[in-house]
Amino acid sequence: MSLKKNIIANYASQLYVTGIGILILPLYVKHMGAEAYGLVGFFAMLQAWFALLDLGLTPTISRETARYFGASMSALAYRQLFRALSSIFISIALLGGTILWLLASSIASEWLKVDSIPIADVIFSVQIMAISVALRWMTGLYRGVITGCEQFIWLSIVNTVIATLRFIGVFVSMWLYGFTPSVFFAHQLVIAILELLVLYFKAALSLPRKISLPEAIGFSFSPIKPVLKFSLAIAFTSSVWVLVTQTDKLILSGILPLAEYGYFTMAVLVASGIMIISGPISSSIMPRMARLHAEGKHLELLSVYRNATQLVSVTCGSAAIIIAFFAESLLYVWTGDRELAKNSSLILTLYVIGNGFLAVSAFPYYLQYAKGDLRYHLIGNAIMAVVLIPSIIVAATYYGGVGAGYAWLVVNVLYLLSWAGYVHHKLEPGLHAQWLLLDIIKVVAAPALIVYGSKYLIDTSYTATTRSSELILIITVSLLTLIIAVLSSRYFRTGLFRFISSKVKNV
């Protein structure tokens, strides 16, 4: 399967899923109320915290699947590993879901700051969240198999359908039964069950057939031992990731009134679009790089690594720049609420710039993932956690969402400038300076200057008075920014030159 096709398929799906999820949120607030949407934000946070139970198993099965299809693992060993991991996934899902269900009453009455929603509805909603979160987490095992064998086009189609049912289909249910949190989360539970079944059957079809195996699969946890070091390393780093990205949301969910927490969640969700944009690239290159490393193709691995960095710099860099400079206008165009846009714009700006730095500083992890050694990533994340978590706790407690945003931005900048360079020095000496200057800074510098100049001219010479006029301005500047970013990238320029040359030869 072509890597470019995989990335395009992932992007098409992620852009749709992200776009429909963000665009539909003002309708949730309009029909359900800001306080009810605060529950939706709490639901999203629970799903992220549930990832602490993953123990590195999802990326492990993805990597081992890629190794199996790269002929570095026997069919029997792969099936034995899959069976052992399946048992662990099911056990953890049952345990985690049950604990969250039992805590539903305490969460609803003691943690969340609820004003107008009946407490019984909140308890019921949290109980449904518990089941839905467990089921959606279970899909990680089957997604790992599907991504490991690079079935990205199929997965993209499924993600698109599921997102449509989840975000748009819920309005049908609420129109029939009422615009309440209980109906909303009951609908999400039905879709979670459907998603799990579809991914389960697809993963089952991708596994080597039992009839072709030289002996019975049996059952044992011993197949996990060879990958235990790798899995636990990912488990630690994944846990740190959840801690550093969700601690602010957890703290603020217990400090802010649920309605204000809903507005904070909306701003952070828009900023998270940066990481969602980079997601298809990372999920596409990680199994490919693992396979190239297994095949001993080092130069090809580095080429994929640097080209993907430029792709992230073009896409995520352009998006982060636009959102940061036009935060208030974007929020106003999106929600139609000028006061909300004004109060949330600084939070959005801080988080989106921080996420932009995070998107590129994640690349050394992809290199370590391919080589199967996450030692430096483990150490780096431990250092980041020690610095960031206390900073966020203090900043969020005393300064709310803005304080958490500043802490998030500063730490991510320091991480890129320091630890990413150290990892490159250890794994690929001489790479970091070229990677930082040619693959990142050179790509984003010109677009940043263009957007800054455009924003200055707009602020001093023209004032948009309607949502449509502001939208047109943002779209115009965004297209210009993307074009400049593409032309600033050697990877894109080379591809464009080859495309033009082929067309000229055919004339």
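A nonpolar patch on the surface is formed by I153, I157, V161, L165 and L194. Together these residues have about 390 Å² of accessible area. Such areas come from the Shrake-Rupley method with a 1.4 Å probe, and for residues only the protein chains shown count as cover. Patches are made of residues with over 30% relative accessible area and no salt bridge; like charges are joined within 9 Å, and nonpolar side chains (Val, Leu, Ile, Met, Phe, Trp, Tyr) within 5 Å. A salt bridge is a side-chain nitrogen of Lys or Arg within 4 Å of a carboxyl oxygen of Asp or Glu. Helix α8 (residues 152-177) gives the largest share of the patch, 4 residues. I153 lies in α8. I153 is partly exposed, with a relative accessible area of 36%.

The model is predicted: local features need pLDDT of at least 70, side-chain atom pairs count only at pLDDT 80 or more, and totals for chains, interfaces and linings use all residues. Residues are numbered from 1 along each chain as its sequence is written, and side-chain values use heavy atoms, with hydrogens and water left out.

The protein has 19 helices and 0 strands. Helices (H or I, at least four residues) and strands (E, at least two) are DSSP runs, numbered from the N terminus. Of the 507 residues, 55% are buried. Buried means under 20% relative accessible area, exposed over 50%, and partly exposed in between (1.4 Å probe, protein chains only). The protein exposes about 22,400 Å², and carbon and sulfur atoms supply 69% of this area. Among contacts with a separation of 6 or more, 83% join residues 24 or more positions apart. A contact means heavy atoms within 4.5 Å.

Helix α16 (residues 375-427) does not run straight. Its 53 residues would reach 78 Å in a straight helix at 1.5 Å a residue, but its end C-alpha atoms are only 11 Å apart. The expected span is 1.5 Å times one less than the number of residues. A kink of about 150 degrees is centred on Y399. The bend at a residue is the angle between axes fitted to the seven residues ending there and the seven starting there.

S361 lies in helix α14 (residues 338-361). S361 is buried, with a relative accessible area of 4%. Leaving out residues up to four places away in sequence, S361 touches Y415 and L416.

L479 is found in helix α18 (residues 467-488). L479 is exposed, with a relative accessible area of 51%. L479 and S318 are 161 residues apart in sequence, yet 9.4 Å apart in space, C-alpha to C-alpha.
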